[in-house]
Amino acid sequence: DLEFHGVMRFYFQDKAAGNFATKCIRVSSTATTQDVIETLAEKFRPDMRMLSSPKYSLYEVHVSGEERRLDVDEKPLVVQLNWNKDDREGRFVLKNENDTLPPKKAQSNGPEKQEKEGVIQNFKRTLSKKEKKEKKRREKEALRQASDKDDRLLHGDDM
């Protein structure tokens, strides 16, 4: 029983805001799902932890849309490492069981379908400070070039 560690990324959907948050934490091979959920609850929702007592569960969600709730005694790091055996990709999603919707209809393509696919297909990464700065610089440059073009057109008409 050799213990090892790995850094894992976890997702949490804030149903009220309608967006996803992500955190990376160092996880031990001996850490159970319950241990990881407790750590993630502190990381994702430290302000809300005192106000209510939500029941969180950890799910593995795969690209195929397959979703499975981990048992409290499973070891998430070991589960993730075993994805490689089956040539699978996935994500771990922390869900508040109080937020879950009633069972979904099989034929629906409405918001229910988007809810299930949301974790994989609709996840939008936020930009880093460096990326935001670069984007702002490009926008300023584009505005400056447009302004220069307008100036040339105006001066050309004067002649």
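Me: What makes the pairing of the Ser28 and Glu3 side chains a polar contact?

Reply: In this predicted model, the two side chains come to 2.7 Å from each other. The cut-off for a pair of N or O atoms is 3.5 Å, with one able to donate a hydrogen and the other to accept it, so a pair at 2.7 Å counts as a polar contact.

Me: Okay, and is Ser28 called buried or exposed, and why?

Reply: Buried. Its relative accessibility is 11%, and the label applies under 20%, so Ser28 gets it. This serine belongs to strand S2.

Me: Which residues is Ser28 in contact with, leaving aside its neighbours within four places in sequence?

Reply: Glu3 again, plus Phe4, His5 and Leu77.

Me: Which residues of H1 are buried?

Reply: Thr33, Val36, Ile37, Leu40, Ala41 and Phe44.

Me: And why say that the buried residues of H1 line one face?

Reply: Look down the helix axis: the buried residues of H1 fall within an arc of 140°, so one face of the helix carries them.

Me: Which elements supply the largest nonpolar core?

Reply: That core has 19 residues. Strands S1 (5-14), S2 (19-28), S3 (56-62) and S5 (90-96), along with helices H1 (33-44) and H2 (76-83), each put in at least two. H1 gives the most, with five residues.

Me: Which members touch the most other members of that core?

Reply: Phe10, Val27, Val36, Leu40, Leu58, Phe92 and Leu94. Take Leu58: beyond its neighbours within four places in sequence, its contacts include Phe10, Val36, Leu40, Phe92 and Leu94. Leu58 also meets Thr33 and Ile37, as well as Arg68, Arg69, Leu70, Pro76 and Val93.

Me: What about the overall pattern of the protein along the sequence?

Reply: β-β-α-β-β-α-β-α-α, which comes from four helices and five strands. Among contacts between residues at least 6 apart in sequence, 57% join residues at least 24 apart.

Me: How many residues does the protein have, and what share is buried?

Reply: There are 159 residues, 26% of them buried. The protein exposes about 11,900 Å², with carbon and sulfur atoms supplying 49% of that area.

Notes. Residues are numbered from 1 along each chain as its sequence is written. This is a predicted model: local features need pLDDT of at least 70, side-chain atom pairs count only at pLDDT 80 or more; totals for chains, interfaces and linings use all residues. Side-chain values use heavy atoms; hydrogens and water are left out. A nonpolar core is a set of buried Ala, Val, Leu, Ile, Met, Phe, Trp, Tyr and Cys residues joined through side-chain atoms within 4.5 Å. Buried means under 20% relative accessible area, exposed over 50%, partly exposed in between (1.4 Å probe, protein chains only). Contact means heavy atoms within 4.5 Å. The arc is that of the directions from the helix axis to the C-beta atoms. Accessible areas come from the Shrake-Rupley method with a 1.4 Å probe; for residues, only the protein chains shown count as cover.
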